4 protein chains.
Amino acid sequence: MPKTPQAAAAARIAPSRKPVIRRRGASPEKTAHTRQSIVDAALAEFLESGFANTTIESVAKRAGVAKGLIYRYFPAKEALFSAVVQQEIVNAHIDVDDAKRAPGETVEAFLRRTLVVSIRAIEKKSRADIARMVISEGSHFPAITDIYRRDVIDPLLQKIKSLAIAARKSGELKDDRLVKNPYLLVAPVWAGIVINKFLDRAHPVDIGELFEMQLDLVFGK
Amino acid sequence: MPKTPQAAAAARIAPSRKPVIRRRGASPEKTAHTRQSIVDAALAEFLESGFANTTIESVAKRAGVAKGLIYRYFPAKEALFSAVVQQEIVNAHIDVDDAKRAPGETVEAFLRRTLVVSIRAIEKKSRADIARMVISEGSHFPAITDIYRRDVIDPLLQKIKSLAIAARKSGELKDDRLVKNPYLLVAPVWAGIVINKFLDRAHPVDIGELFEMQLDLVFGK
Amino acid sequence: MPKTPQAAAAARIAPSRKPVIRRRGASPEKTAHTRQSIVDAALAEFLESGFANTTIESVAKRAGVAKGLIYRYFPAKEALFSAVVQQEIVNAHIDVDDAKRAPGETVEAFLRRTLVVSIRAIEKKSRADIARMVISEGSHFPAITDIYRRDVIDPLLQKIKSLAIAARKSGELKDDRLVKNPYLLVAPVWAGIVINKFLDRAHPVDIGELFEMQLDLVFGK
Amino acid sequence: MPKTPQAAAAARIAPSRKPVIRRRGASPEKTAHTRQSIVDAALAEFLESGFANTTIESVAKRAGVAKGLIYRYFPAKEALFSAVVQQEIVNAHIDVDDAKRAPGETVEAFLRRTLVVSIRAIEKKSRADIARMVISEGSHFPAITDIYRRDVIDPLLQKIKSLAIAARKSGELKDDRLVKNPYLLVAPVWAGIVINKFLDRAHPVDIGELFEMQLDLVFGK
DNA sequence: GATGAATGAGAGTTCATTCAT
DNA sequence: GATGAATGAACTCTCATTCAT
């Protein structure tokens with residue numbers, strides 16, 4: 001059942017409309033809320049301090065719950081980390097669906113209309129932070145790297161490739177470089193994330209601008 | 001006394017030629033050798049396991065010295081890490097000295113002759129590994145990020161800028177994009193390092209090839 | 001009101017016959033049933049894992065009730081354990097009532113008719129398991145050891161002593177050894193339990209056979 | 001290399017007579033002493049409180065060392081327990097070597113001269129305490145039960161069997177009961193340990209006396 | 001009565017750092 | 001300088017017990 005993240009989030013908040021069978025004890029809503037508090041707190045802590053320097057105690061304190069409670073929701077610190085990151089990866093998905101290209105719209109125009117916007121938004125949301133965490137901690141958590149690749153990178157490259165093929169057919173592109181190596185288009189995005197999040201927080205590059213330049217180059221402008 | 005990185009590296013290897021005054025205890029040569037054993041072992045361990053998962057004990061064992069001895073050379077684990085990474089950053093320096101450009105040689109030809117070679121060598125040596133470590137651990141060690149920027153990134157960008165200006169003058173470049181944003185040229189290198197070291201070790205990209213494509217793009221090929 | 005153990009056991013099973021006054025909440029029958037579920041589950045868990053390695057949660061799960069409910073019936077884990085063991089001790093009672101000896105029946109014949117049968121049954125029922133638990137955990141629960149001694153050991157020794165006196169009078173026994181030390185007769189039983197339950201589960205001794213041999217020895221066969 | 005425990009203990013205390021190579025750091029003697037402190041403290045704590053109720057901290061405090069130090073000597077609490085118990089099991093060995101029987105000495109006389117003495121000593125030393133611990137904790141530590149059986153029980157039964165065969169040949173025994181079931185002779189010892197250590201510490205039985213009675217019975221006295 | 005989420009004290013274990021030798 | 005035993009703070013994780021529902 002492929003729920004969208006939004007649907008999942010909604011389900012968490014809106015209770016079913018069926019006659020609610022009132023069970024004893026804590027309500028599912030409260031449970032979900034507690035769980036979300038923990039996840040939110042954990043995400044914040046992991047982003048701030050990384051996996052190793054985050055303590056369960058600090059997560060609990062931030063979430064406003066007792067230490068032990070976290071273990072009712074996640075069996076171990078690793079599991080908490082993975083769950084938190086995986087949940088966020090879903091949101092990191094970058095959308096450039098070729099099907100949405102308007103009839104007659106050039107590939108370049110389409111990319112400027114969609115991808116540039118997405119990429120300019122990268123740093124607004126926490127997407128770049130998630131990327132940073134996958135990069136930082138991924139070597140100790142192969143699972144999340146795999147998921148990131150599967151859910152974020154591979155689909156993006158695939159779509160770029162499709163668009164490159166289309167652009168080649170229509171004559172927008174003069175050669176097969178991008179078809180063969182779709183990384184070429186998005187390389188500046190990765191580079192920008194690394195620069196801004198790791199290497200030069202004081203003088204960040206403008207990732208959107210960098211990406212537009214690359215678009216210019218690729219399309220021979 | 002502003003030593004160049006190269007001088008510092010040399011000092012590490014070549015013992016002083018002044019007449020050695022024999023003191024009690026170990027000779028300076030032995031001391032230097034011991035220190036280097038520790039640094040080498042620490043580098044290997046940090047690369048393998050990251051800062052948090054490396055123990056002083058494992059470094060000591062690998063270096064073949066006692067745990068306590070490490071504290072004679074480095075006051076704390078953090079200091080050891082910084083020292084090790086800083087020392088390696090020196091080797092990560094990428095050389096594209098404009099002064100070495102042959103008379104009449106185009107900027108593009110010069111870059112192909114020098115930078116492409118350097119970049120193709122990046123993954124051979126441990127330069128990419130160091131970059132990876134700076135990226136991974138840098139947020140907890142601002143000092144090493146600063147050094148990396150100062151010794152590796154900034155000089156590289158500066159030289160690219162100079163070369164871009166020269167290329168603009170000679171007409172090799174048709175616009176000021178690269179002058180204004182030298183990152184444009186090396187972005188694929190960073191992207192490649194991230195991809196290969198963090199995200200997709202199974203399907204690495206060819207960083208050299210990616211960089212040459214970028215050179216083609218930038219010079220309008 | 002000094003209930004006999006049997007009466008207490010009966011009370012547990014047979015609900016009161018008085019007209020039940022219907023109150024809000026669960027009926028006394030259901031309450032008794034719930035309590036018994038808990039006790040049964042607890043017994044099983046304690047036997048399997050010992051006191052320290054049994055969790056209230058596992059007992060609740062096995063009993064099919066919520067964790068908190070157990071605390072309505074027993075104020076603490078220790079109390080649950082004591083209650084469970086004490087209830088079972090009642091069943092461990094070994095019956096050799098001298099009054100039941102048939103007229104003209106020798107003591108030895110009587111013992112073979114009654115005690116041997118009881119003892120051969122020891123391992124069938126959970127009596128030996130209870131003995132094992134009293135032995136294992138008794139040092140931390142003086143109360144249950146006391147109860148075990150009072151309800152199981154002392155009555156048994158007392159009856160053996162009476163029978164020994166009778167046998168001495170009738171000339172079946174040639175000396176006062178058994179009168180002075182009734183343990184002599186049942187020692188192999190304890191030894192057998194220890195061997196079979198603790199030390200050599202792979203090669204159990206036949207406790208009944210061992211006891212009959214001892215009977216032979218004591219009566220000079 | 002079959003060292004006796006005594007030899008091992010001596011070696012621990014007496015330094016080699018060879019020219020001592022003075023190494024840096026702590027001396028092996030001190031290390032051995034520390035280790036022994038830990039073992040002694042652990043034994044005492046385990047005997048007092050059992051495995052589950054003994055904390056590493058209490059052992060450390062009793063031994064006068066820091067908590068963490070225990071982990072230099074034993075990798076885990078379980079390992080500490082096993083090591084301590086196994087070391088003690090060696091001392092629990094009961095010696096009745098048939099070869100030491102004097103020429104012309106009856107089996108019964110030999111047993112009275114050796115085994116009775118050993119058994120009377122059982123409660124003086126900590127042998128009975130070890131037996132108690134093996135019994136109490138054995139179900140969670142199969143390894144120590146195995147060792148106890150292998151090092152204490154099986155050899156004892158084997159020797160009793162040999163002696164029973166000898167006694168049968170010489171006519172001291174009138175039947176094969178003891179040959180077939182050597183437990184018969186030592187059952188009262190196990191029973192006595194259980195009684196005294198678990199069930200009735202207030203009114204202990206005299207194990208030696210009980211055993212001598214059994215000897216009388218077995219040899220038809 | 002019944003639930004199970006929530007609490008929090010405390011356990012085992014690790015490891016950077018110190019220090020007597 | 002060199003050793004590695006010793007320290008102790010801090011961490012992850014468990015579980016008896018409580019309490020809002």
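Predicted model: local features only at pLDDT ≥ 70, side-chain atom pairs only at ≥ 80, totals over all residues.
**First stop: chain D against chain C**

Begin by selecting chain D and chain C. At their interface, 35 residues of chain D are in contact with 33 residues of chain C. The area buried between the two chains is about 3,400 Å², and carbon and sulfur atoms give 69% of that area. Select next Arg177(D), Leu199(D) and Leu217(D): these residues supply 20% of the area that chain D buries against chain C, more than any other three residues.

Between chain D and chain C the count is two salt bridges. To view a salt bridge, display the side chains of Asp216(D) and Arg177(C), which meet at 3.8 Å, N to O.

Colour the helices of chain D next. On the side of chain D that touches chain C, at least two residues each come from α8 (127-137), α9 (142-170), α11 (183-199) and α12 (207-218). Among these helices, α11(D) gives the most, with 10 residues. By residue type, this side of chain D divides into 20 nonpolar, eight polar and seven charged residues.

**Second stop: DNA strand F**

The surface near DNA strand F is made up of 16 nonpolar, 12 polar and 10 charged residues.

Then show the helices on this surface. At least two residues each are supplied by α2 (28-49) and α4 (67-73) of chain B, by α4 (67-73) of chain C, and by α2 (28-49) and α4 (70-73) of chain D. The most come from α4(B), which gives five residues.

Of the atoms of DNA strand F within 4 Å of the protein, 66% belong to sugar or phosphate, and the rest belong to bases.

- Tyr71(A): an N or O atom in the side chain is 2.9 Å from a phosphate oxygen of DNA strand F.
- Lys77(C): a polar backbone atom is 2.9 Å from a phosphate oxygen of DNA strand F.
- Lys67(B): an N or O atom in the side chain is 3.3 Å from a base nitrogen of DNA strand F.

Note on methods. Residues numbered from 1 in each chain as written. Chains lettered and ligands numbered in written order. Heavy atoms only, no water. Contact = heavy atoms within 4.5 Å. Buried area = accessible area lost by both parts, 1.4 Å probe. Salt bridge = Lys/Arg side-chain N within 4 Å of Asp/Glu carboxyl O. Helix = DSSP H or I, 4+ residues; strand = E, 2+ residues; numbered from the N terminus. Nonpolar A, V, L, I, M, F, W, Y, C, P; charged D, E, K, R; others polar. Near = heavy atom within 4 Å. Polar contact = N/O pair within 3.5 Å; in protein donor to acceptor, adjacent residues only side chain to side chain.
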